[in-house]
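Okay, thanks for coming, everyone.

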Amino acid sequence: MVTTGPGDISSETAAEWQKVLAVFADEAEGLVASMEENLIALEVSPADGLLQDILRGAHTLKGAAASLGFQAVTDYTHGVEDLLQALIDGRLEPDETRVSLLLGAVDHLRDLSRASLAGVDSLGAVHQTHLVRLREGIVAGAPSMEAPPIPTGLPRLPEGRTTARSRARMDLERLDRIVTLTAELSVARGRMAQFLSRAEESGASWEDALTQQREMDPLFEALQEEVMKVRMVPVGPLFRQHLRTVRDLARSQQKLAQLELEGEDATLDTAVLDALRDPLLHLLRNALDHGIETPDERRAAGKDPRGHLRLKAYHDAGSVVVELSDDGRGIQRERVRERARQKGLVAAPERLRDDELLRLIFEPGFSTATEVTELSGRGVGMDVVRRDIEALRGSVAIQSQEGQGTTLTLRLPLTLAVIQGFAMGVGDQVYVVPIEGVQECMEVPADERTSEASGVLSLRGQPLPYLRLRQVFSLGGGTPARENVVVLKHPDGVIGLAVDELQGEGQRVIRPLGRLFQGIPGISGSTILGDGRVGLLLDTPALVRRAILHASEAALSPPAPLEPLSPANAPRAS
């Protein structure tokens, strides 16, 4: 085989060589990740087919590296193949020690591939040491035999992955559709301009102008949809990264655990996905430390010695839901109550509803661990999860059964750029909340209106804590002639926001706050309204906590029930 390298590409331009390297980088990452996943599966359920897949992936990587002149990857992979072949031939058993040895080899292959792409094509001391360990592992089991040649051809890529070339083809197809839609909008804009220039002499009416505009609306919507899709990515790659994380963290605590994945094709905005990484890692670490028991404890409880975690994603009502469940010991309520008393979080934790008690674990500094470990015990983690998820305009819910396990549910927006929002007027200001959080709207009877910043109303006989936005944001002015309450759903129940006017539902493009206005309590962003004014996006989780705090400090004396008004019947915002 003729090898080529950066110094041998006389017939290729530098740009073309970079494209070749990009293809290798993409395929190498995919092959190494697939080997890693198959090794973890092999440890749980040994199968000859998995070993063959791992060997095929290693051989494909070696061939690709050799074709580009990456000698370090080629030499190292050959040593990995020898150990794999010994396992396939039955000369060695694929036990935990050898799987760990091969997982270490996968890490080295990942590092060597990246180093080769960066121009460093040599085996370092750490790589050479591990290569010696691979060879010693073979000698300790049986004499090494040269692996038989595997038929070569097109590289076999892991299922569900695409090469850089195929992904670029999909991106080009989407760009083609965007270009086509832009051209159609340009034509429609030209027709509108021509219509307006002749409107006066032709006697056209406003209805005619609106008809012209309606013809453009589907094009705008289609263009927006295509642009949004460019940012949408599947959660699968993020989920699969944690297969190894769970395996290694469990072993660091002398435990056994397996992560199962579901719904890897669910997509969300790349910005949301990036912001999900840290919270997801916190949750996995917490599940392994607090949830999954040791093998002996699980046997005593009649469970599989290996703990099971499941990471699931699916779309629901314009959101992405990510669930992490485990079959561990569950949350021990009495320990939570004890810690709540010690920290003074609540005066009488025994009076809390079960969902209220469970949500105490999201309080800053709260931990039920009896000792500080590498993973937990410092009270840092779950409060960070809640804060990070709420910063994404998402929510966290928890369910747990003692002895059976725990499920944490994250509900996230598909994108951070656009929301379907519900607008409310207070004085000359407009505030917006995500429509999925609005349960209903109601008018406040005149005799129930006050100038207080907070209070409690009655919603069909149930207490409804509320905040009056006019006072919360110190807008001044007197009591309005008419007042409405927007009822918002949240994991602990419902709260109300008292406003002057309901402006209705509409799609809103979210803009970040300027540096001067960042950190304002209760505000998380802004949007441009249809009339050109600026609307402020409310930080509903912060307002929810404030309303609950005020309600807990106030005496409950519910007034007469209020008649609900569905937000669907409210006027639509411009």
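Before we start, a word on names: helices and strands here are DSSP runs, numbered from the N terminus, and a helix needs at least four residues. Also, please keep in mind that this is a predicted model.

So, let's go to helix α8.

Is α8 mostly covered or mostly open? Have a look. It's mostly covered, with 12 of the 17 residues in α8 buried. Among them are Gly-236, Leu-238, Phe-239 and His-242, and also the arginines Arg-240, Arg-244, Arg-247 and Arg-251.

As for the hand, α1 passes α8 in a left-handed crossing.

Which residues make that contact? From α1 you get Glu-36, Glu-37, Ile-40 and Glu-43, and from α8 it's Arg-240, Leu-243, Arg-244, Arg-247 and Arg-251. Sort them by type and you have two nonpolar, no polar and seven charged. By the way, an α-helix has 3.6 residues a turn, so residues three or four places apart point the same way.

Okay, next stop, helix α4, residues 96-117, which is where we find His-108. His-108 has a relative accessible area of 12%, and the cut-off for buried is under 20%, so His-108 counts as buried. Skipping the neighbours within four places in sequence, His-108 is in contact with Tyr-76, Val-126, His-127 and His-130.

Last one: a glycine in a strand. Gly-421 sits in strand β8, residues 418-426. How buried is Gly-421? Its relative accessible area is 0%. And who's around it? Again leaving out neighbours within four places, Gly-421 is in contact with Val-432, Val-433, Pro-434 and Ile-435, and also with Gly-504, Glu-505, Gly-506 and Arg-508. If you want one distance to check on screen, go from Gly-421 to Val-438: they're 17 residues apart in sequence and 9.4 Å apart in space, C-alpha to C-alpha.

That's my tour, thanks.

Methods
Residues are numbered from 1 along each chain as its sequence is written. This is a predicted model: local features need pLDDT of at least 70, side-chain atom pairs count only at pLDDT 80 or more; totals for chains, interfaces and linings use all residues. Side-chain values use heavy atoms; hydrogens and water are left out. Helices (H or I, at least four residues) and strands (E, at least two) are DSSP runs, numbered from the N terminus. Buried means under 20% relative accessible area, exposed over 50%, partly exposed in between (1.4 Å probe, protein chains only). Contact means heavy atoms within 4.5 Å. A crossing is left-handed if the near helix is turned anticlockwise from the far one by less than a right angle, and right-handed if clockwise. Ala, Val, Leu, Ile, Met, Phe, Trp, Tyr, Cys and Pro count as nonpolar, Asp, Glu, Lys and Arg as charged, and the others, Gly among them, as polar.
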